Amino acid sequence: MSTRIAFLKGHGTENDFVIVPDPENALDLSPAAVAALCDRRAGLGGDGLLHVVRSAAHPEARGMAAEAEWFMDYRNGDGSVAEMCGNGVRVFARYLQRAGHVAEGDLAVATRGGVKRVHIAKVASDSGPAAGDVTVGMGRALLPEGEVEVRVGERRWPARNVNMGNPHAVAFVADLAHAGDLYAPPPFEPAGAYPDGVNVEFVVDQGPGHVAMRVHERGSGETRSCGTGACAVAVATARRDGVDPSVTGTPATYTVDVPGGTLVITERPDGEIEMTGPAVIVAEGEFDSAWLEGVLA
């Protein structure tokens, strides 16, 4: 017997997601099922999927249930599991607000990258239906030692290795077009630097404290935005500029343009990185479980 399964669509700076509310973790979302749902031609379409589960109901999140009621069980568009997704956390928080689970203000969200602190900004009463920006505490960046190089065609660039709970290689280029089509993962060296693959960011300067980027996200291809990638880019740019808030005692803020909009990234003296940007729910509906079973047959 087929059943109707609720879903929503949302995006953060056009990094878009299928949202599947499943508080008690009752759905079996296999990698193949996730890939089918995220398929842009034969499915619902998305860079990834946000599986909304109560932390206490998920074996990977029960240990965080005392801190965060809700767990973002995030999957890449190809069905693979990912540690974190910064834009995804903002959209996840917006869904919780829309569903009445949380209100404006502070909340905690459990992820495979740990518990993330989120703030949903309050908007003025005369702003109509506009929703306030969402700020996410993204944790601290790790800067592994060792040289990394990425390449596209005949071009090669040194890259900064930055880990935001997931791995990034940040390359500064003269022109974002040099990144190519980004359909396939850009090759990197040494091969052992990223045993589980890597997100690769290509960056150009736009002015003081202002950069623009394109990104190939592992498991998804080029996306319109990547939150952890924007954080990695801000940290890599700050270090390139000789800025380290832990040394200066002053926060460093960078504006990062992505193809889908703009994010503001602040690294505090204690190392915590905050990302602020929009999060929008654009649609909601249902799909038939029989359709999904047919696709997977």
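Mentor: A cavity here is a set of grid points where a 1.4 Å probe fits but cannot get out, and its volume is the space filled by probe spheres set on those points. With that in mind, and remembering that this is a predicted model, the structure holds two cavities of 30 Å³ or more. The second largest cavity has a volume of about 40 Å³, and its lining is made up of eight nonpolar residues, one polar and one charged. Helix 3 gives the largest share of that lining, four residues, while strand 15 (252-258) and strand 16 (261-267) each supply at least two; among the lining residues are Cys 231, Ala 234, Tyr 254, Ile 265 and Glu 267.

The largest cavity contains about 100 Å³ of space and is lined by 15 residues, with Asn 76, Met 84, Asn 166, Asn 199 and Glu 217 lying nearest its centre. Strand 4 (70-76), helix 2 and helix 3 (227-240) are the elements that give two or more residues to this lining, which divides by class into five nonpolar, eight polar and two charged residues.

At 1.5 Å a residue, the 13 residues of helix 2 (residues 86-98) should span 18 Å, and its end C-alpha atoms are 19 Å apart, which agrees. Just after helix 2, Gly 100 adopts a positive phi of about 85 degrees.

Note on methods: Residues numbered from 1 in each chain as written. Predicted model: local features only at pLDDT ≥ 70, side-chain atom pairs only at ≥ 80, totals over all residues. Heavy atoms only, no water. Expected span 1.5 Å × (residues − 1). 1 Å grid on protein atoms, 1.4 Å probe; cavity = no way out; pocket = protein on both sides within 12 Å on 5 of 7 lines; lining within 4 Å. Nonpolar A, V, L, I, M, F, W, Y, C, P; charged D, E, K, R; others polar.
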